[in-house]
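Subject: Structure handover

Hello,

Here is the structure for your files. My notes on it follow below.

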Amino acid sequence: MSSCGSEPLETPIPRQPQAGEEVTWTVDEGAAGVRLDVFLAREFPGQSRSFLARSIDKGAVRVDGVVARAAVKLRPGSLVCFRVPEPPRAGPDAEEIPLDFLHLDEWMAAVNKPAGMVVHPAKGNWKGTLAGALKWHLERRTADGAADGLSTAGGPTRPGIVHRLDRDTSGVIVVARSEEAHHRLAKQFERRSVEKTYLTITQGQPQFDRDEINLPIGIHPYQREKMAVRRDHSTSREAVTRFEVVERFGRAALVRVTPKTGRTHQIRVHLAAIGSPVLCDGLYSGRTVIDHSFFGGPAGPALIERQALHAASLAIDHPATGARLLFEAPLPADMQRVLAVLRGA
C-alpha cells in the first residue's frame, strides 16, 4: 500500500491511513477475481463492507486509472487507488423538529418531508436532518438502555432510513421501525415494485405529451456534486424515467414523473437531458431563484428558491400485512405559488 502519487511499495505501510489520504495497492494473484468492495473490506477491517461500497459508488476508487464500481472483479497486476473516506460518525442526536406524518404504526412510518431538510447526516449536514427528527419522535429507550423504534440496518447515521430524497425535494418518504420491516421494504425497492410519482415544474416544455427517457447515468466527468448522462462508463447505470405533461404554459410545464429506476438525481438529469430541466434547479438549470420577472412580469419577491420537484405519492406493500398502501403529499406552497402565476399569466 502506498500513496497514489508514488510507486506501490513491496510491503504494506505498518499503519492505518488517515481519512482523506489516497493509497494504492498492486493486486497480487491471491486477490485475483475478488470483488473490489470485498478487497477493500480486507484492507480496512474496521469499516463495514456496505460503507466501503457506498464510498466506491461515489467515485472514491480507481482501478488502473478508471473510476470503478463495487462489483468489479480484480485482475492480477491492476493498481487500485482509494481515497480513504471519513469514518462513519455516531448516530444523529435526537432533535425536536416537527414532522408531518402521513402514516405511523409499529412497523413503519411515512413522512411528508419538507424541502430543505437533509434525510440523514453527512459531511457538512449533521444537524436538522430527518433522521435526527425521527429519533426524537419515534425512538424510545427500553429499561436496559437499548434504543427501540427505528431500524439500524442502514447504519448508525441512518436510523430507519430505507430510501432517500434530495435535500431540496419535498414529499413522501417511508421509514422502517424494525430490522425486519427494513429488510422487507428495501426488497421492494430492489425489485422495483414500489410505485413513485413526482410532480415537477419544468423550465421549458417537453416536446412530447408523454414519453420514456432511457439514458444511463453516471458520475459527472468534471463536477463531483453532479451526475450526468454517460454511456459506456464504469460508473454508468441503467436509468429509466417516464413522464406525462399535465399542463403547458409559455415558458414552463407541470409534469408528472414516474421513475422506473432510482439513480441519484435521476429525474433532474433526465429532464435536463431533453431540454426541460426542473425549474430553479441550481445544478442542472443554472437558476437558484425564480420570481415574477422570469415569466415576463415585474421583478418582486422570490416565488421559489429550490428545485420545483415534489414526491407526490408512493405506493408500497405493508411489511407485515402485505396490504398495498398509498401515501400522498399535497403540493407545497412554493410550487403552488409558481403555478398560480403561470395560470394567471
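Is C280 buried or exposed? C280 is buried, with a relative accessible area of 3%; buried means under 20% relative accessible area, exposed over 50%, and partly exposed in between, with a 1.4 Å probe and protein chains only.

On provenance: this is a predicted model, in which local features need pLDDT of at least 70 and side-chain atom pairs count only at pLDDT 80 or more, while totals for chains, interfaces and linings use all residues. Residues are numbered from 1 along each chain as its sequence is written, and side-chain values use heavy atoms, with hydrogens and water left out.

C280 is found in the loop between helix 5 and strand 17. Helices (H or I, at least four residues) and strands (E, at least two) are DSSP runs, numbered from the N terminus. The phi of C280 is positive, near 65 degrees, in a residue other than glycine. D232 is not a glycine either, and has a positive phi of about 55 degrees. D232 lies in the loop between strand 14 (227-229) and strand 15 (240-248) and is exposed, at 84% relative accessible area. For background, most residues other than glycine have a negative phi.

S276 is also in the loop between helix 5 (266-273) and strand 17. At 1% relative accessibility, S276 counts as buried. The S276 side chain reaches the backbone oxygen of Q205 at 3.2 Å. Beyond its neighbours within four places in sequence, S276 has contacts (heavy atoms within 4.5 Å) that include T202, Q203 and L271.

Strand 17 (residues 309-317) has eight of its nine residues buried, so it is largely enclosed by the rest of the structure. Its pairings are listed here; two strands pair if DSSP finds at least two bridges between them.

- Strand 10 (residues 170-176): parallel, two bridges, with S170 opposite H310.
- Strand 11 (residues 195-203): antiparallel, six bridges, with T197 partnered by S313.
- Strand 18 (residues 324-328): antiparallel, five bridges, with L314 partnered by F327.

Strands 17 and 18 form a hairpin with six residues between them, and G322 in the turn has a positive phi of about 80 degrees.

Last, the nonpolar cores, meaning sets of buried Ala, Val, Leu, Ile, Met, Phe, Trp, Tyr and Cys residues joined through side-chain atoms within 4.5 Å. The largest has 47 residues, and those with the most contacts inside it include L130, F295 and L342. A second, separate core of 22 residues includes W25, A53, I56 and L74.

Regards

Terms used
Polar contact = N/O pair within 3.5 Å; in protein donor to acceptor, adjacent residues only side chain to side chain.
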